[in-house]
Every structure is written in structure tokens, then in C-alpha cells.
Amino acid sequence: MNRRIAFAALVALFVGAASLIALELANGAANAGALAVRDPCEPRPSFPGAGLDATLQRIVLDGLDGAACELGTTREELVLSLAPSSGVEPLPWDDETIELAIRAGLLESIDDAERRGSLNGFVAVVLRQVVERAPVQWL
């Protein structure tokens with residue numbers, strides 16, 4: 001009698017586990033870890049938030065999108081290629097070309113932020129000076 005109960009409990013556990021797996025797969029679990037890399041040349045939703053921190057993050061993300069678009073790569077590949085320890089192969093352009101693209105993208109995003117009114121003129125001037133003079137690795 002104990003063997004029958006144990007066997008029935010084991011079958012019930014397997015049926016329950018199979019049901020849970022089937023339910024998760026039906027709800028889209030197969031695509032849960034899919035990487036969605038966006039085209040950097042297409043507009044993206046703005047980084048949410050208000051204040052200087054959110055504005056600076058929008059500027060950096062938009063600037064990286066501009067640089068990646070100019071270089072014909074993705075924002076993620078561009079960022080990962082700048083860190084040798086990431087394991088991503090370096091981009092096929094020389095350092096000067098990448099630096100010019102990053103600086104141009106950041107300057108354009110500063111201009112956009114100033115036009116939107118999320119960045120005042122004084123801060124925009126200071127940020128432009130930093131982008132034009134600071135080492136790209138620091139940026």
C-alpha cells in the first residue's frame with residue numbers, strides 16, 4: 001500500500017512539473033532571455049527621469065547611439081569594444097576614427113538636450129568643453 005501511495009505521489013509531482021513547464025513555455029518563456037539590440041540610427045525612447053543625472057545619462061546614451069550609427073555598429077558593441085577585458089573583438093576602425101565618432105555623437109546629443117530645454121546654456125558650454133578636451137576613455 002505504501003508503494004502505491006509513493007508511486008502516485010511521484011507521478012503527481014512529474015505531472016505537476018510538466019504542467020508548470022508547459023504553462024511557462026505557453027506564456028513566452030522560450031524568448032525570455034533573447035537579446036534585443038536596437039538599431040542606433042533609429043530613435044529610441046528617452047531615458048526616464050528628471051534632473052541633471054537623468055539628463056546626463058540621456059546625453060551619454062544618445063551620444064553613443066550617434067557614434068555607433070556613424071560607425072555602422074551597435075551601441076553595445078561600441079561600448080564593449082572600448083574595454084579590452086570584455087572579450088569583444090575591437091572594432092575595425094582605428095582609435096582616432098572611434099574617438100572622433102564618440103566626440104561628434106556626444107556633442108550632437110548635448111545640442112539636442114539644449115534645444116529640448118533639459119540643459120541650460122552654461123552647463124551645455126561646460127559639457128562641450130569637457131567632450132572636446134577630455135580623453136575618450138574618461139568620457
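**Figure 1. Surroundings of Leu78 in the predicted model.** In this predicted model, Leu78 touches Leu64, Ala67, Ala68, Leu71, Thr73, Leu91, Ile98 and Ile102, leaving aside residues up to four places away in sequence. Leu78 belongs to helix H3, which spans residues 75-82. Arg75, Leu78 and Ser81 are buried in H3. These residues lie on the same side of H3, because they cover an arc of only 135° around the axis. The buried residues of H3 pack against helix H2 (51-71) and helix H4 (95-116).

**Figure 2. The largest nonpolar core.** This core has 18 residues. Which of the 18 residues touch the most other members? They are Ile59, Leu71, Leu78, Ile98, Ile102, Ile110 and Leu119. Two or more residues of the core come from each of H2, H4 and helix H5 (121-133). H4 gives the largest share, six residues.

**Figure 3. The salt bridge between Arg75 and Asp65.** Arg75 and Asp65 form a salt bridge in which the closest N and O atoms are 3.5 Å apart. The pair links distant parts of the chain, with Arg75 in helix H3 and Asp65 in helix H2, 10 residues apart. Are the two partners buried or exposed? Both Arg75 and Asp65 are buried. In general, side chains of opposite charge can pair when their charged atoms come close.

**Figure 4. The salt bridge between Glu99 and Arg103 in helix H4.** The closest N and O atoms of Glu99 and Arg103 are 2.9 Å apart in this salt bridge. Glu99 and Arg103 are separated by about one helical turn, because they are four residues apart in helix H4. The two partners fall into separate accessibility classes. Glu99 has 33% relative accessibility and so counts as partly exposed. Arg103, with a relative accessible area of 13%, is buried, the limit for that class being under 20%. The structure holds seven salt bridges, and this pair is one of them.

**Figure 5. A salt-bridge network with Glu108, Asp112 and Arg115.** Arg115 forms a salt bridge with Glu108, and the closest N and O atoms of the pair are 3.4 Å apart. Salt bridges that share partners join Glu108, Asp112 and Arg115 into one network. How exposed is Arg115? Arg115 counts as exposed, at 60% relative accessibility. Glu108 is partly exposed, and its relative accessible area is 42%.

Figure 6. Phe7, Val11 and Val15 make a nonpolar surface patch of about 280 Å². Val11 lies in helix H1, which covers residues 2-26. With a relative accessible area of 36%, Val11 is partly exposed. For the protein chain as a whole, the accessible surface comes to about 9700 Å². Carbon and sulfur atoms account for 62% of that surface.

Figure 7. Arg128 has its place in helix H5. Arg128 is buried, with a relative accessible area of 18%. Which residues does Arg128 touch, not counting residues up to four places away in sequence? They are Leu107, Ile110, Asp111 and Glu114. One of these, Ile110, is also named among the core residues that touch the most other members. Val130 is found in helix H5 as well. Val130 is partly exposed, its relative accessible area being 29%. From C-alpha to C-alpha, Val130 and Leu107 are 10.0 Å apart in space, and they are 23 residues apart in sequence.

**Figure 8. The protein chain as a setting for the close-ups.** The protein chain has five helices and zero strands. From the N terminus on, its elements run α-α-α-α-α. Of the 139 residues in the chain, 24% are buried. Among contacts between residues at least 6 apart in sequence, 50% join residues at least 24 apart.

Key:
Residues numbered from 1 in each chain as written. Predicted model: local features only at pLDDT ≥ 70, side-chain atom pairs only at ≥ 80, totals over all residues. Heavy atoms only, no water. Buried < 20%, exposed > 50% of the residue type's maximum accessible area, 1.4 Å probe, protein only. Contact = heavy atoms within 4.5 Å. Areas by Shrake-Rupley, 256 points an atom, 1.4 Å probe, with all protein chains shown as cover. Arc of directions from axis to C-beta. Salt bridge = Lys/Arg side-chain N within 4 Å of Asp/Glu carboxyl O. Core = buried A, V, L, I, M, F, W, Y, C linked by side-chain atoms within 4.5 Å. Patch = residues over 30% accessible without salt bridge, like charges linked within 9 Å, V, L, I, M, F, W, Y side chains within 5 Å.
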